[in-house]
Amino acid sequence: LRHCLNITQYEEFIFGSVIPKLTQTDMKKIPVTLPPLAEQQRIADFLDTKCGILDRTIDAVSRQIEDLEKYKKALITKTVTKGICKKGEPERAMKDSGVEWIGEVPEEWSVSKVKHETSFIGSGTTPRSSCLSFYENGTIPWIQSGELYETNEVTDTKQKITSEALRSSSALKVYDKDFIAMAMYGSIGNIAISRIAACVNQACCCLRPNARNNLNYMYYFLKASTDNFKSKAMGAVLQNISQEKIKKQDFLVPPLAEQQQIADYLDEKCKNIDNRVQKRREQLEWLKEYKKSLIFDYVTGKKRVGERERKKKKRKEEKEPAEPVASSDTKASVTQTVAESATEAEAAVEAESTAETEIIEAVEPVLKEPETKISDEEREKEQDVLIIAQVNDYVNIRSTASTDGEIVGKLYNNSVGTLVAK
């Protein structure tokens, strides 16, 4: 019953737009398949085993994503506050920045405020939503704070406004491309570089560095400042931070040439990390879908527990048919034909069996391996410790594998086995 309910589409049984509700009365109306009780038990035991393996693997891949995200955050913070640390180079002379969360910084860097290092800081507003002429056939990109989530750049917007909307409010302004947009409400610190000229809503702060600062360096520094911004946020339900606090935020100013080096270095490193995170997210999504389809196939009877064994037994019996009454030539011909067909059928059944059981054989050894803990010191010495493993492209695996079992086996062997332990 639990597995049936896990794949149920509840939309038609739920009501309420603000707080969706499912009543006991409507719950009773949900249809479920009802095989004999003994078969229900076989299906439940089978799915408990399979789904247990999938759940542990989903957790393992999720931890990889979390570790990579943490590593990326630590890498950015360290680089924008200490500079690029290359092996074999002498240690740089450092000084106290006077800022608690930053600590020591290279001696030649200066400490300033965001308001002194930008050419402008601004925001926007939301045109009246009841006025269709402000939105219909609009051509001016309008960035909302939600569009800054899990992205580095804005290249297009979901919503566009019209020139009439732009003229309707003095708070609306089109900012030239290559500016930084930062969320001030809710998801404080979500930040991206807008590569297009655009307006923003009131939940976004826009800024552009002045001539002595690099755009990408400022982006990375503000990204590293996220936790500090959150510590200054106001509001119990919907936290927010004001433009004024952003203006007063501490900002490190290395020489412009070094800012460019830091930006280029982080561009490359973060791109590598982001690519690996994206691959794991694709793997995670596929694993979840595979689990749903596995449950669906067995609880709806499209696949039967023990069906492979029954087929195998039947094929084995067909390999030894009762001797027909016929001439010796006919007998030999029939025997050969039956034997060939049985051999092919048995091979197909074996392949199906391999596809169904490969998930266990491929994943179990990986899940038994202890997860290696990486100390902060090791992370500093080997900055690429979480991204050096080479993972076969998931899309290629899926396109070349012939069965679900083969896909899963290759996926786990190439991804989880390499990265969870190392």
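Let me start on the surface. Ile 14, Leu 22 and Met 27 make up a nonpolar patch there, and together they have about 220 Å² of accessible area. Keep in mind that this is a predicted model.

Where does Ile 14 sit? Its place is the loop between helix H1, residues 2-6, and helix H2, residues 24-27. Buried would need under 20%, and exposed would need over 50%.

Now the whole chain. The protein chain has 422 residues, and 40% of them count as buried. It holds 13 helices and 12 strands. Next, contacts. Take those in the protein chain with a separation of 6 or more: 72% of them join residues 24 or more positions apart.

Leu 256 is found in helix H8, which covers residues 256-299. Which residues does Leu 256 touch, leaving aside neighbours within four places in sequence? The answer is Ala 211, Arg 212, Asn 213 and Asn 214. Take Asn 214. Leu 256 and Asn 214 are 42 residues apart in sequence, yet their C-alpha atoms are 6.7 Å apart in space. Leu 256 has a relative accessible area of 42%. That value lies between the 20% and 50% limits, so Leu 256 is partly exposed.

On to the rings. How many aromatic pairs does a search of the whole structure find? It finds 10. One of them is Tyr 135 with Trp 142. Their ring centres are 6.2 Å apart, and the planes meet at 65°. The cut-offs are 6.5 Å for a pair and over 60 degrees for edge-to-face. So this pair is edge-to-face. Both partners, Tyr 135 and Trp 142, are buried.

There is also an aromatic cluster. Trp 101, Tyr 217, Phe 221 and Phe 251 form it.

Which residue lies over the face of Phe 120? That is Lys 173, at 5.9 Å from the ring centre.

To recap, we began with the surface patch of Ile 14, Leu 22 and Met 27. Then came Leu 256, in contact with residues including Asn 214. We ended on the rings, with Lys 173 over the face of Phe 120.

Methods
Residues are numbered from 1 along each chain as its sequence is written. This is a predicted model: local features need pLDDT of at least 70, side-chain atom pairs count only at pLDDT 80 or more; totals for chains, interfaces and linings use all residues. Side-chain values use heavy atoms; hydrogens and water are left out. Rings of Phe, Tyr and Trp (its six-membered ring) pair if their centres lie within 6.5 Å; planes under 30 degrees apart count as stacked, over 60 as edge-to-face and the rest as tilted. Buried means under 20% relative accessible area, exposed over 50%, partly exposed in between (1.4 Å probe, protein chains only). A charge sits over a ring if NZ of Lys or CZ of Arg is within 6 Å of the ring centre and within 35 degrees of the ring normal. Patches are made of residues with over 30% relative accessible area and no salt bridge: like charges are joined within 9 Å, nonpolar side chains (Val, Leu, Ile, Met, Phe, Trp, Tyr) within 5 Å. Accessible areas come from the Shrake-Rupley method with a 1.4 Å probe; for residues, only the protein chains shown count as cover. A salt bridge is a side-chain nitrogen of Lys or Arg within 4 Å of a carboxyl oxygen of Asp or Glu. Helices (H or I, at least four residues) and strands (E, at least two) are DSSP runs, numbered from the N terminus. Contact means heavy atoms within 4.5 Å.
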